[in-house]
2 protein chains.
Amino acid sequence: MREATECAKITYVLRHDYPGQMCSIASALEVVGERWSLLIVRDVMNGRRRFDSLQKGLGIARNVLTNRLQRLVEENILERRAYQESPPRYEYFLTEKGLDLWPALIALLAWGDRHSPPSPDGPPMLIVHKRCGGRVDDRGICAECGEVLHARDARALPGPGVEALALASPAKAT
Amino acid sequence: MREATECAKITYVLRHDYPGQMCSIASALEVVGERWSLLIVRDVMNGRRRFDSLQKGLGIARNVLTNRLQRLVEENILERRAYQESPPRYEYFLTEKGLDLWPALIALLAWGDRHSPPSPDGPPMLIVHKRCGGRVDDRGICAECGEVLHARDARALPGPGVEALALASPAKAT
DNA sequence: CGGGCTGGGTTGCTTCAAGCAACTCTCTTG
DNA sequence: CAAGAGAGTTGCTTGAAGCAACCCAGCCCG
């Protein structure tokens, strides 16, 4: 599927997306631009690996989640591994391709923080450099040490926004 | 709309999106995660400012384009300006908020280039630093001079991939 | 040893969004 | 005076998402 020589005809091979676009943004969105896909990737990046946990965390419909996970696995963004047999149970892990989405997620996160913050008390999620604890900016660069980071170098922490909300509605403790 | 104090209830104010997510990635995707939105922003960034031009360039349905443009204007990502009256004709420009999406677009572009290139001959679109002509990497940093760039510092050029395709199907000259 | 829980789905139905084609309205141009 | 550009609008059809219910295998608990 998706052979190099077929690239002029690729548009109708793709399922339901941006036909005729000769741009890698469009190609990227064909794969991860579907509703929920990037949020699933984000959650898996933050350590949610199992179907139920993803479903509950996202509030996504189960059939849609099934769908997205399959697609992300097909696209080699996630990998599905059994962590036990009988009954078979699975976890989803990010591949390198999936981890490479990190800069895009960080950029979106930073944009959301700046322009449509879900909480007025500050960002609900902080990304910090594991090694030095510095905050990560919109380019995925550590504000402390200046290093250009990758997915594995950083970690997400709950930020001030989320604490304020937890106080406002303490019912929803995880 | 979207008052600070209402933020715990914001989820059902939003039209059709990711309920209950306390994360700015979700907030960002509520606004620009809809089908076509980011591609419209990209096209406007590249100088396509008019309805027809966007419609033809993207191959999007006209009613959907109307819809998206309205939403993007409401969200203060685009600005609609008349460039003549009688008959009234409009152009769409990016606001600062819209321009700030640049790093996210660049990250997606780089990801697409690396992992699902629409052309085997190289990237179909090159982003270069206006001032020094250097290529821009996945973080929006100039590979030549090392500067951290913003939307206005860079320009898109057709890359090697697009030339190869133009040769393959020369019918579609713009 | 029966009942409920956990985990990972599938099925069926309904609603909402996207795609498509045709139409409108006002100039402008040939 | 007909055709075309520009910016949409309308109506109909398909396709995706949401929701609730169901399934099945093991395990856990009284």
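This is a predicted model: local features need pLDDT of at least 70, side-chain atom pairs count only at pLDDT 80 or more; totals for chains, interfaces and linings use all residues.
Which residues of α2(A) meet which residues of α7(B)?

1. Residues are numbered from 1 along each chain as its sequence is written, and chains are lettered from A and ligands numbered from 1 in the order in which they are written.

2. Between the two chains, 52 residues of chain B are in contact with 52 residues of chain A, two residues being in contact if their C-beta atoms, placed from the backbone, lie within 7 Å. On the side of chain B that touches chain A, the elements giving two or more residues are α2 (24-32), α3 (37-45), α7 (102-115) and α8 (160-168) of chain B, and α7(B) gives the most, with 11 residues. Helices here are DSSP runs (H or I, at least four residues), numbered from the N terminus.

3. By class, that side of chain B has 34 nonpolar, 11 polar and seven charged residues, where Ala, Val, Leu, Ile, Met, Phe, Trp, Tyr, Cys and Pro count as nonpolar, Asp, Glu, Lys and Arg as charged, and the others, Gly among them, as polar.

4. To return to the opening question, S24(A), I25(A), S27(A), A28(A) and L29(A) in α2(A) meet L105(B), L108(B), L109(B), W111(B), G112(B) and D113(B) in α7(B). This contact has seven nonpolar, three polar and one charged residues. The axes of the two helices, which are lines fitted to C-alpha atoms over the stretch in contact, come within 7 Å and cross at roughly 85°; α2(A) and α7(B) are therefore roughly perpendicular to each other, a term that covers angles of 65 to 115 degrees.

5. In chain A, helix α7 is mostly covered, with 13 of its 14 residues buried, that is, having 20 or more other C-beta atoms within 10 Å of their own. L101(A), in the loop between α6 (96-99) and α7 of chain A, is also buried, with 25 other C-beta atoms within 10 Å. Leaving aside its neighbours within four places in sequence, L101(A) is in contact with V32(A), V41(A) and W111(B).

How values were computed:
A residue is buried if 20 or more other C-beta atoms lie within 10 Å of its own, exposed if 12 or fewer, and partly exposed in between; C-beta atoms are placed from the backbone. Axes are lines fitted to C-alpha atoms, for helices over the stretch in contact, and angles run from 0 to 180 degrees between N-to-C directions. Angles under 35 degrees count as roughly parallel, over 145 as roughly antiparallel, 65 to 115 as roughly perpendicular and the rest as oblique.
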